[in-house]
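Let's take a friendly walk through this structure, starting with its aromatic rings and ending at a sheet. Have a look at it first.

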Amino acid sequence: MGERNTMIRLARPVLAGAVACSLFFGASIVPGVSGTEGSAAGWKAALFGVPAAEAATAPQLTMTQESIVTAGVRQRSYVWSRTAKSGQQISTNVKVIIADLHNPNVRLDVMTGVDGQFAEKATVLHMAQTTGAVAGVNGDYFDTSLAEPSTLGPQVANAAMMATPAQGLTGMYAFGITKQNKPIIETFASQGVVTAANGQTYPLSGLNRVVSTLGNAIYMYDAAWGSATRAKDATPHTEALVVDGVVQSLHVGSRYGQQVPANGYILSAGGTGAEFLSKHVKVGDKLTAKASLVPVNPNLTYTENDFKMLIGGHTMLVIDGVPAAFTRDIGGIQGNGNTARTAIGFSKDARYVYLVTADHAADSVGPTLPAFQKLLIELGVWRAVNLDGGGSTTSVARPLGEFQAQLANAPKDGSMRRVINGIGVFSTATGPAALKGLLVDGPKLLWKGQTATYGVKAYDVNYNPLDPTKLGVPLQFKARGSSLKVDPATGVFTAAAGGSDTVVAYSGTVSEELAVDIIDRRLIQKLDVVPSKPPSAWSPGDAVKLTVKATLTDGRIGTVPAQLVQWQQFGAHGAIAGDTLAFAGFAEGASTAMLVARFDEFSAPLAVPVPQTRTTTLADFDAKAVEAAAEAYPAAMATAAVQLLGREEDKQLHLVYDFTKGDGATDAAAYATFGGANGIPFAGKAVGMQLDVFGDGKGGRLRAEFTDAAGAVQRVTLAEKVDWVGWRTVSVELKDFEARALKRVYMISKSQIAGEVVFDDLALIESQSQANADAPIAVSLAVGKKDVLVGGEPQKLDVAPLVSKERTFVPVRFVVDALGGAVDWDAATKKVTIRKDGHFIELWVGQTEMIADGARTASDVPPMLRDGRTLLPLRFVSEQLGLTVHYDAATRGITIQ
């Protein structure tokens with residue numbers, strides 16, 4: 001565990017990251033830097049290429065994370081901050097994969113498209129996951145407009161040549177690893193020859209190339225091409241299919257219309273090349289075709305047979321630790337603009353390979369190509385070549401303990417582009433090897449009473465993943481302290497007490513720990529109940545999500561798990577399941593309502609306004625009868641009848657309707673019309689209407705018709721579909737107009753249906769006049785006296801107000817009850833709970849700490865007991881309950897209102 005932990009460091013300058021190389025890769029501190037180890041000033045000069053005095057003004061490269069991918073491979077994350085020419089401060093997010101070529105289990109290779117063929121592009125992540133690469137970046141440039149693209153540069157994968165470079169492109173360099181495991185960056189041309197059975201030869205122009213015009217050339221395509229379409233030239237072709245060195249078919253003036261078999265190749269020829277095949281090649285002949293790579297530098301002797309891998313790139317970026325003169329025009333790759341970049345390079349001692357990406361997404365500003373050169377040098381790269389960038393820039397890496405690579409950078413276009421090839425980093429270590437370490441994953445913050453399970457990843461001595469369920473010694477869990485309890489059979493942890501504890505996963509002598517904070521009431525500063533809609537807008541039947549947010553004493557904010565919250569309801573009705581309240585309405589006669597959430601005895605209220613309305617019965621069809629008549633419209637499509645039925649003291653109005661003669665397109669209606677032409681008038685402020693309805697389940701729409709203050713007709717919908725059978729109360733708000741009379745209730749539908757609905761208890765919901773609201777009540781007391789006036793009426797106290805420690809105390813229950821609140825007493829805990837006008841306060845006798853409206857607070861003096869009664873400091877009454885207090889020092893009289 002100790003070795004792994006040295007590999008995770010956050011937000012440190014590049015110097016610290018450079019020194020860390022010795023921890024994992026060996027003795028070389030910074031590849032390519034030597035002779036300045038003796039001083040910090042020397043290090044800065046070596047890293048940034050400037051004197052130490054100037055380093056403070058140089059761009060700042062800060063390592064934000066460093067992690068092992070596999071033995072010999074690590075991933076680093078940097079933020080590169082600098083000042084743009086405009087003077088603006090900008091930064092770039094940089095990912096660097098570093099591979100140690102001295103590690104025998106590290107291999108770099110080229111990943112190609114889907115199934116290792118050029119024809120179908122793939123994302124770098126797809127290529128890495130299908131080939132088993134532990135890390136990788138995108139590779140060569142390609143023409144994105146072509147359906148069957150090929151690389152622009154050469155390609156050798158798994159020590160076999162897959163493509164020669166495009167002809168006529170100069171200054172395009174390639175990165176390779178020789179069979180002696182040496183990294184090189186050079187530029188190559190191609191040459192080749194076709195030899196017929198009669199000994200005649202013809203130049204071979206290339207292998208697996210996209211060709212727009214064949215001219216007189218012959219090109220070779222093998223199974224890596226992956227497509228039945230080869231040269232794009234529309235002029236007549238001649239193609240020869242060769243399998244195992246023998247010509248299988250010759251297609252003069254036409255194409256071989258299939259893909260190339262795995263053990264063969266196709267020669268595609270035009271002009272004099274086609275004449276050569278027609279004249280010198282016959283079916284059944286032996287034929288050889290050889291494509292080769294030739295270094296442009298005449299002093300080099302490399303061939304394709306010298307490489308384990310080789311991939312094309314673009315211009316040189318860094319040569320011998322300094323910015324290179326660009327070897328190819330950079331205008332076509334937005335060289336002087338800001339975009340995402342990818343490069344590959346190596347260290348001065350040729351030991352380390354760097355795969356570098358710089359993002360251009362969100363707040364990360366991609367570098368210009370000259371700036372990218374500087375970045376690579378700051379990273380310690382000795383030589384580097386530019387790779388495809390922009391939307392192609394992709395970096396992937398396998399997190400420690402995982403079995404597949406994951407996307408590591410932020411692609412420029414928001415998603416990964418499908419590209420033609422990439423550079424993969426592979427681990428060749430045989431496995432699974434011995435267990436090296438574990439990683440514990442799970443919640444680092446729990447709430448008292450919460451249960452949690454923790455996942456574990458395992459890795460071997462080569463830092464490759466192991467299946468934690470198949471370890472030699474079964475994986476087990478324990479808690480380091482006593483705040484967490486674990487079930488050894490299931491591995492489920494329970495947060496039993498607040499504080500800190502540690503989850504420990506172990507297998508034999510290998511273990512890993514995860515620190516866990518456990519929140520209980522002692523760590524909470526404030527609780528808030530957050531409803532999904534304002535309580536003033538709640539209606540019976542609403543489903544309201546209730547989230548309980550906790551602000552901790554250290555400022556953190558979290559959500560209390562719903563299963564740990566206990567609820568109390570005062571004046572409101574509803575079932576609470578999980579975090580959802582099915583609101584059912586208000587208790588009869590309630591003037592105030594409140595929900596109270598509790599977690600570990602820490603409370604938080606949510607005041608729910610009680611509508612100031614009253615329900616007035618317009619008609620119950622027995623004691624309060626109303627004239628009712630039936631109407632139907634249109635007469636040709638609808639019939640209607642109304643009838644009062646039931647016992648004398650409990651009658652209901654039946655509306656029978658028949659729309660079966662309708663045409664299915666026109667609304668038909670059946671009305672129960674009340675009170676003749678004028679309807680049922682009312683004078684109050686109507687805010688709603690409700691009606692008990694026995695449904696017939698036929699699906700018709702139920703509506704009501706009113707007249708407003710101007711005499712205009714207003715219609716509202718009581719139920720979009722009467723799709724129920726049995727009694728149901730329906731209601732509607734009347735907020736868009738001032739209703740003055742109810743004229744009729746009716747069924748309406750385009751469907752050809754017939755049925756019967758029954759009405760009872762037709763009622764109006766009216767707003768109560770504020771003039772009828774109770775006047776504020778005043779309570780008048782005096783220190784040392786039991787006489788009290790409540791609203792002017794004399795009463796007696798059990799315990800008189802008193803003064804203690806220069807504070808005036810009053811009897812809480814009497815005062816709160818007199819002012820319309822409520823007080824509860826818990827003798828076991830000596831806790832007083834006060835509810836009044838949306839306030840909810842809990843305090844304890846002898847303790848200054850209290851919880852007021854969900855917030856932890858304190859009084860300067862604690863509540864006290866006198867003769868079995870709880871007395872509170874007067875200051876508390878005024879501040880926490882929002883009451884007005886007047887104190888007359890001369891008479892020691894107290895008025896609370």
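Which residues form one aromatic cluster? They are Phe118, Tyr221 and Trp225. Rings of Phe, Tyr and Trp (its six-membered ring) pair if their centres lie within 6.5 Å, with planes under 30 degrees apart counted as stacked, over 60 as edge-to-face and the rest as tilted. This is a predicted model, in which local features need pLDDT of at least 70 and side-chain atom pairs count only at pLDDT 80 or more, while totals for chains, interfaces and linings use all residues. Residues are numbered from 1 along each chain as its sequence is written, and side-chain values use heavy atoms, leaving out hydrogens and water.

Searching the whole structure gives 17 aromatic pairs. In one of them, the ring centres of Phe570 and Phe840 are 6.4 Å apart and the planes make 35 degrees, so this pair is tilted. It links distant parts of the chain, 270 residues apart: Phe570 belongs to strand E41 and Phe840 to strand E65.

Strands here are DSSP runs of E with at least two residues, numbered from the N terminus, and two of them pair if DSSP finds at least two bridges between them. Strands E6 and E25 are joined by 3 bridges, and Gly136 has Val396 in E25 as its bridge partner.

Conventions
Helices (H or I, at least four residues) and strands (E, at least two) are DSSP runs, numbered from the N terminus.
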